[in-house]
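Here is a friendly walk through one protein model, from its inner spaces to its ligands and backbone. Have the viewer open as you read.

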Amino acid sequence: MLTTLQILILLIVSTLATSNVKPNFVIFLADDLGIGDIGCFGNDTIHTPAIDSLAKEGAKLTHNLVAAPTCSPSRAALLTGRYPIRSGMASALQQGVVSMITSTDCKAGLPRNETTFAELLKAAGYATAIIGKWHLGTNLDSSSDHYFYPVNQGFDYFYGMPTTLINECGPDGRYIAWFIQKRLIMGCCLWSLAYAVVLVVLHVLGVLGRRGVIIIGFHIVLWLGWNYASHTLLFRQFMCVLVKNHDVIEQPVVLDTISTRMVNQANSFIERSATQGPFLLYFPFLQTHTALFNMKNFTGSSKHGKYGDNVEEMDWMVGKVLSKLSELGLVESTFIYFTSDHGGALKEVSVLPPRVGEREGGWNGIYKGGKGQNWEGGIRVPTVVRYPPMIPGGIEISVPTSTMDVFPTIASLAGVDLPSDRVIDGRDLAPLLRGTTTALPHDYLFHYCGQWLNAVTFTSQKDNAIYKLHYVTPNIPAGETDCNITMYCPCTGDETTRHDPPLVFDLRRDPAEQRPLPATNDQIRNIISRVDEAISQHRRSIVPVAHQITKETLAGSFWRQPCCNFPFCWCQEDEST
Ligand SMILES: *[C@@H]1O[C@H](CO)[C@@H](O)[C@H](O)[C@H]1NC(C)=O
Ligand SMILES: *[C@@H]1O[C@H](CO)[C@@H](O)[C@H](O)[C@H]1NC(C)=O
C-alpha cells in the first residue's frame, strides 16, 4: 500500500513531468480529399489503414468544418485560427485563391503580420518545418524576394511547392493546355483564314504590296505560335517547381518519385529535431488534387482508378511518418491532426483518352455539393486526431468543430499565449478531446464564399440540435451537383439565389440538406432571429483590411518566373545534397 505522502509525491512528479514536456505537433493536410474517401469515415473500398489507425487510437471528428471551401483561404484560416475575412484572404473575385495563370509569381499572399501556428511555436523554441504544398503566396516586389514564402511565416525549413499542384504538372496532365489547345487550334484556323482573306483583299485592292502581305503574315504566324507555346510547353515548366527554403531545386517537379522524397524529408526532419527539443511538422500533401500521380507500385493498386491510387499513396505516406514516430518513441509525446482543406472537387473528371469520364475528384459521401460550395460536401472534412496522453482511443466527436481550432489547441498544449491584439476565431479543443466538458466550442460557425457570408451553422445545446442556415446558394441546374459555368461556383450575383427567410436545415436529422424546415414555424423563426443577431455581432468584430486576392495582385508578369539555372530553367533534384 502506498502512503498518502507517496501518492502525493507521485502526483507531483507526474504533473511536473507532463507539464514540463512540450508536445510535438504533426499536422497533415490533404488537398481536395472528400469526407467519403477514408475507411474510418465509411469507405469500404479505399484502403487507408494509417489514417484509420489514428482514429482507432485517437478521436474521429465527424463534424469538422473548414473556414472556406477553397484552398488558399481555408489554409490561411488553419494556420492563423482566424476567418479569412480578417486576414484579407477572403476575396471579392470568383476565383478566390492565390492563382497563377500567367506566372507563379503573383502578388497575393497571407500577410506577414498574421501570426501562424509556426510563428507561435518557433518563438517558444520549437523546430518548425513545412513539407508539401504552400499556396499562400510567393513574391511581392521581385521574382525572388520570397516575401510570402513559408520561411518568412515561421517555418525554419520548407521543402515543397510554393503554389498548388495543377493538371499541367502531371505525367499526362495537359488539361488546361488541352482546352486552350483545342480553342487555339480552332482559333488558329479560323483566325488564320480571316487574316488571310483580309490580306488578300487588301492586296487585290492595291492597299498592300506583296512585301506587306509577307511581313504581316509572318508576324501573325509568330504571334499564334507564341500563344501556343506559352500555354502548353511553358506552363509545366514555370508552374510546377519544387523548392527547398528559397531555392528552386527541381523544374518541373517529378511527381512519380515525390511522395518518397517528401516522406524522407519529413522523417529526417523528425529525426534531427527529436534529439534537440519539440518540433512542429506541417505536412500539406500534394494529394489528392489533380494532376493525379503515383509511384510505380501504387499505379492500379486501388479499386478506384487513379484517384483511389492517389489516396492510398497518401495514406502510405501518413503510415511512414507514424512508423518513424513509433520507432523514435515519440507516439506519446506527439499530437497528430489529419484533415483536408475542403471537400472533394465535383468537376474533376478526366477528359483525356483512354479515361474520359472517369472521376478524378474526392467523394463527399452522403453530403451535398463539394469544393467551392458551402453545402456540407464542400466544408465538412474527414478529420482524425491522436494524442495518447490526452485522448482516449476510439472516441468520436460529433459536435461542430473547425480547422481554425488547430491554432488555439496547439497554443494551449504548448503552453504559449495566444496573440492578444487580434480576434482568434478557433477554440481550444483540449477540453473536448479529453472528454472533460460537454460545452460546445462553437455556438455559431460562419460560412463564407469569398468575402460573402452565405451560410451559418448554429448549434443549440438546449435543443440538442444543429441547424444550418443558407442565405445565399449558387444556382445549380436541376439534376446536377455543381454549377456548370465556371470552375468555382459564384458567391453572389445573378447565378446565385438569395433566400429570405434563409433555408434552414436540421443537420442531425437531415445531414444531406435535402428538406428545409418551414420558416412559418415559431421555433424556426426564433432560430433565424438568433442567427441574424449572431451575424451582426460577428460583422461588428471584423476590422476591414486590404484584400489580398484581387485582379491587380493576381496579375503576375510573364517575365517574373522561377528559374533554377538560367537560361535553361530545367533541373532535377540532386538528392545527395
Ligand atoms: C469510396 O471512395 C470512392 C472514390 O472516391 C468512391 O467512388 C466510393 O463511392 C466510396 N465508397 C463509399 C462506400 O463511400
Ligand atoms: C510500394 O513500395 C514501397 C516501398 O518503396 C512500400 O513501402 C509500399 O508498401 C509499396 N506499396 C504497394 C501498394 O505495393
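## Inner spaces

A cavity here is a set of points, on a 1 Å grid over the protein atoms alone, where a 1.4 Å probe fits but cannot get out; lining residues have an atom within 4 Å of a point. Grid points are joined across faces, edges and corners, and a volume is the space filled by probe spheres set on the points. This is a predicted model, in which local features need pLDDT of at least 70, side-chain atom pairs count only at pLDDT 80 or more, and totals for chains, interfaces and linings use all residues. Residues are numbered from 1 along each chain as its sequence is written, chains are lettered from A and ligands numbered from 1 in the order in which they are written, and side-chain values use heavy atoms, with hydrogens and water left out.

How many cavities of 30 Å³ or more does the structure hold? There are four. The largest has about 130 Å³ of space, and 17 residues line it, with Thr70, Gly96, Cys449, Gly450 and Cys491 the closest to its centre. Its lining has eleven nonpolar, six polar and no charged residues. In this scheme Ala, Val, Leu, Ile, Met, Phe, Trp, Tyr, Cys and Pro count as nonpolar, Asp, Glu, Lys and Arg as charged, and the others, Gly among them, as polar.

The second largest cavity has a volume of about 90 Å³. Among its 13 lining residues, Asn374, Asn454, Val472, Thr473 and Pro474 are the closest to the centre. Strand E15 (residues 465-474) gives the largest share of this lining, four residues. Helices (H or I, at least four residues) and strands (E, at least two) are DSSP runs, numbered from the N terminus. By class, the lining of the second largest cavity has seven nonpolar, six polar and no charged residues.

## The two ligands

Which residues surround ligand 1? They are Gly36, Asp37, Gly42, Asn43, Asp44, Thr45, Ile46, His304, Tyr307 and Trp363, where a residue counts as near if one of its heavy atoms lies within 4 Å. By class, this shell has three nonpolar, five polar and two charged residues. Polar side-chain atoms lie 2.7 Å from a ligand 1 oxygen for Asp37, 2.3 Å for Asn43 and 2.9 Å for Trp363; a polar contact is a pair of N or O atoms within 3.5 Å. Ligand 1 taken alone exposes 360 Å², and the protein buries 72% of that, using Shrake-Rupley areas with a 1.4 Å probe.

Ligand 2 is surrounded by Asn297, Phe298 and Trp316. One of its oxygen atoms is 2.2 Å from a side-chain N or O atom of Asn297, and a polar side-chain atom of Trp316 lies 3.0 Å from a ligand 2 oxygen. The protein covers 48% of the 360 Å² of accessible area that ligand 2 has on its own.

## Disulfides and backbone

The model holds five disulfides, each a pair of cysteine sulfur atoms within 2.5 Å. One of them joins Cys449 to Cys491, S to S 2.0 Å. This pair links distant parts of the chain, 42 residues apart: Cys449 is in strand E13 (residues 444-449), and Cys491 is in the loop between E15 and strand E16 (496-506). The torsion about their S-S bond is about -70°, so this disulfide is left-handed.

A cis peptide bond joins Gln287 and Thr288, with omega about 0°. Another cis peptide bond joins Asp500 and Pro501, with omega about 5°, and Pro501 is in strand E16.

Definitions and conventions: On a 1 Å grid over the protein atoms alone, a cavity is a set of points where a 1.4 Å probe fits but cannot get out, and a pocket is an open set with protein on both sides within 12 Å along at least five of seven lines; lining residues have an atom within 4 Å of a point. A polar contact is a pair of N or O atoms within 3.5 Å; within protein, one must be able to donate a hydrogen and the other to accept it, and residues adjacent in sequence count only if both atoms are side-chain atoms.
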